[in-house]
Amino acid sequence: MPFIRDIYAAKRAAGRPVISFEFFPPKTEEGDRALFERTLPALAAARPDYCSVTYGAGGSTREKTLTLVERLQREHGLTGLAHLTCVNHTRDEVAALLAQIRALGCQNILALRGDPPGGGEFKPTPGGFEFSSQLVQFIRAAGDFSTGVAGFPEGHTACPGGKHADWAHLKAKVEAGADFVLTQLFFDNDDFFEFRDHLTGPLGVRVPVVPGVISILNAAQILKFTQLCGAQIKPALRATLEALGTDEAAASEFGIEYATRQCEALLRAGVPGLHFYTLNKPHSTLRVLKNLGLA
Ligand SMILES: Cc1cc2nc3c(=O)[nH]c(=O)nc-3n(C[C@H](O)[C@H](O)[C@H](O)COP(=O)(O)OP(=O)(O)OC[C@H]3O[C@@H](n4cnc5c(N)ncnc54)[C@H](O)[C@@H]3O)c2cc1C
């Protein structure tokens, strides 16, 4: 399977955006069945350029990340991107995981610090890493991987110095060897443009900076989710979501329209690709892609 840095380079040369989908490993057998029997075949038919799989805070879903990446690659011929975090891992464990990822035929890793189990403050594991930049460096030294990192258009919630300090830390991740940046979801493109322009201007970052997009499925769910990940919902959008209440069909239709308008503006502004948080549901992402003429 190709390196993701090469996918961005080839698409850029062809003047086309890179389309990627993010999945999470389900916690239940029913979730597994829905993912493998319905979601993946439906989304694979849209021929994304690659698919990423999240890595949980601990427990059984961690092993499932690699299984899912392997099945995406083998059964659907898709390029996989395995997320990997510093949470609860020593360097030796990470070295063993890198060997396992390589043995599965996956050459692409999204290097993250990770969210601590049960929330709260991140505590480095003795013998592990404190920041994702160290993980990026470690992966680079292991060789033969294309590595992505997370970026936060509104700044990372745990950065006391504010968003500009956080963006300087992101530059350090790129200098440590990251080939591309995938952002946290956001709802106001101006936040993304300010972030991108700061990175590519004063900070001199040259790797692809790729917006993460979500099509809202459910008003209550997105209000809770954004609180956790630190993305802002500004008053006008909040009022619309509150008015939609528990009407999931209406929320999902609104989400498709909102994400379509957001993506159109991002594409007009020359983004290198769109990374869709699919929430393991195919319908909305496919509708947005169809609206954009990219399905
Ligand atoms: C696209 C995407 C995918 C994600 N996938 C997952 C996943 O699969 N599993 C999961 O658990 N979480 C995932 N997350 C969430 C992510 O792990 C958390 O947001 C985490 O809190 C931050 O991760 P990071 O890699 O950006 O951390 P880091 O880059 O280590 O940054 C963490 C904090 O430390 C600060 N910092 C960095 N370097 C320094 C330094 N040298 N000195 C002082 N401060 C510093 C940063 O500004 C930031 O506030 C994802 C996020 C995104 C955007």
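Does R47 count as buried or exposed, and how many C-beta neighbours does R47 have inside 10 Å?

R47 counts as exposed, because R47 has 12 C-beta neighbours inside 10 Å. The cut-offs are these: a residue is buried with 20 or more other C-beta atoms within 10 Å of its own, exposed with 12 or fewer, and partly exposed in between, with C-beta atoms placed from the backbone. R47 sits in the loop between α2 (29-44) and β2 (50-53). Its phi is near 50°, a positive value in a residue other than glycine. Most residues other than glycine have a negative phi.

L279 also has a positive phi, near 55°. L279 lies in the loop between β8 (273-277) and α11 (282-291). L279 counts as buried, because 20 C-beta neighbours lie inside 10 Å.

## About the model

This model is predicted: local features need pLDDT of at least 70, side-chain atom pairs count only at pLDDT 80 or more, and totals for chains, interfaces and linings use all residues. Residues are numbered from 1 along each chain as its sequence is written.

## The whole chain

The protein chain has 11 helices and eight strands. These are DSSP runs numbered from the N terminus: helices are H or I with at least four residues, strands E with at least two. Buried residues make up 44% of the 295 residues. The C-alpha trace spans about 50 × 45 × 45 Å along its principal axes.

## Around the ligand

The ligand is surrounded by 23 residues, each with its C-beta atom, placed from the backbone, within 6 Å of the molecule. The closest are T54, H83, R113, S132 and C159. Elements giving two or more residues to this shell are β3 (80-85), α5 (132-142), α6 (163-175) and β6 (180-185).
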